[in-house]
Amino acid sequence: GSGINSEYGEFQTNQLYLIRINLRMKALRCCTALVRRSLHTTPRVHQQTHFGFQDIPEEEKEEKVREVFEKVADSYDAMNDTMSLGLHRVWKDVFVSRADPQPNFKCLDVAGGTGDIAFRLARHMSNISRDHETVTICDINPEMLRVGKERAAETADSFTWMEGNAESLNLPDDTFDLYTIAYGIRNCTHIDRALSEAHRVLKPGGRFMCLEFGEVSNPAIAAMYERYSFDVIPVMGHLVAGDMESYQYLVESIRKFPKQQEFAQMIVDAGFGVVDYENLTFGVTAIHSGYKIE
């Protein structure tokens, strides 16, 4: 009996020993895996984007752009007159004329806080019929919307105002006949997302139209334009609005925006068809157009 008990006790001891060895091996394998994972883990790299000529983390751009337009909201008209020598008024008239909104069109003007484009759209429709759809104005900046609402009090039309981001519109699919954005898309962190959102909220057959600065192809005119942009506009911004930095950013943001052909391809990539563009004033600005074909 004692021999059997002795063998059984030895068997138990060996089993416990094996269990401990097994547990230690598992623990060692876990530690090895953790060490390997830590060695091969790439530290999180912030995606970069541009703010003018500066490279900044993507998550900072929206706030920086917001600060610029909060500063310039009250002097926005003066700023546009300064930057374009008053030509922006002509460009916007041509833009709305090309859009040719009909009275039954549901129109969305994005980045249109001060109402420059929306007022023209409403006026164009009113000239056809006094009974027309209300234009919806969307802007990410409440200060720009405030200025627009104050200006709208002087018009005969009513508008729908909403604070929102062009990259994630809080609007249903297939809603609008016309989507316009003037001098706003270059301030988006992700232009492709803004284009996708435009496509989403447009009805099938609806039209996307964008007015944005472009590249001047004539070398002599391009050289003069470059000098005017960087040597004159920021100084005039300081004199007109007491804000040289914001004007410097706006000039730099124009240079960082894709050239006309490249931007047209981005519109195609977003799903639009019949895409084209029209240069105004030697390409200083351009009208881009595309249709939601589905």
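The count of cavities of 30 Å³ or more comes to two, where a cavity is a set of points on a 1 Å grid over the protein atoms alone at which a 1.4 Å probe fits but cannot get out. This is a predicted model, in which local features need pLDDT of at least 70 and side-chain atom pairs count only at pLDDT 80 or more, while totals for chains, interfaces and linings use all residues. Residues are numbered from 1 along each chain as its sequence is written, and side-chain values use heavy atoms, with hydrogens and water left out.

Colour α3 (76–84) next, since the largest share of the lining, five residues, comes from α3; helices here are DSSP runs (H or I, at least four residues).

Now move to helix α8 (residues 219–241) and helix α9 (residues 244–256), which pack at an angle of about 155° with their axes 7 Å apart. That angle makes α8 roughly antiparallel to α9, a term used for angles over 145 degrees. To view the contact (heavy atoms within 4.5 Å), show residues of α8 including Tyr-225, Phe-230 and Ile-233, together with residues of α9 including Met-244, Tyr-247 and Val-251.

How values were computed
Axes are lines fitted to C-alpha atoms, for helices over the stretch in contact, and angles run from 0 to 180 degrees between N-to-C directions. Helices (H or I, at least four residues) and strands (E, at least two) are DSSP runs, numbered from the N terminus. Angles under 35 degrees count as roughly parallel, over 145 as roughly antiparallel, 65 to 115 as roughly perpendicular and the rest as oblique. On a 1 Å grid over the protein atoms alone, a cavity is a set of points where a 1.4 Å probe fits but cannot get out, and a pocket is an open set with protein on both sides within 12 Å along at least five of seven lines; lining residues have an atom within 4 Å of a point. Grid points are joined across faces, edges and corners, and a volume is the space filled by probe spheres set on the points.
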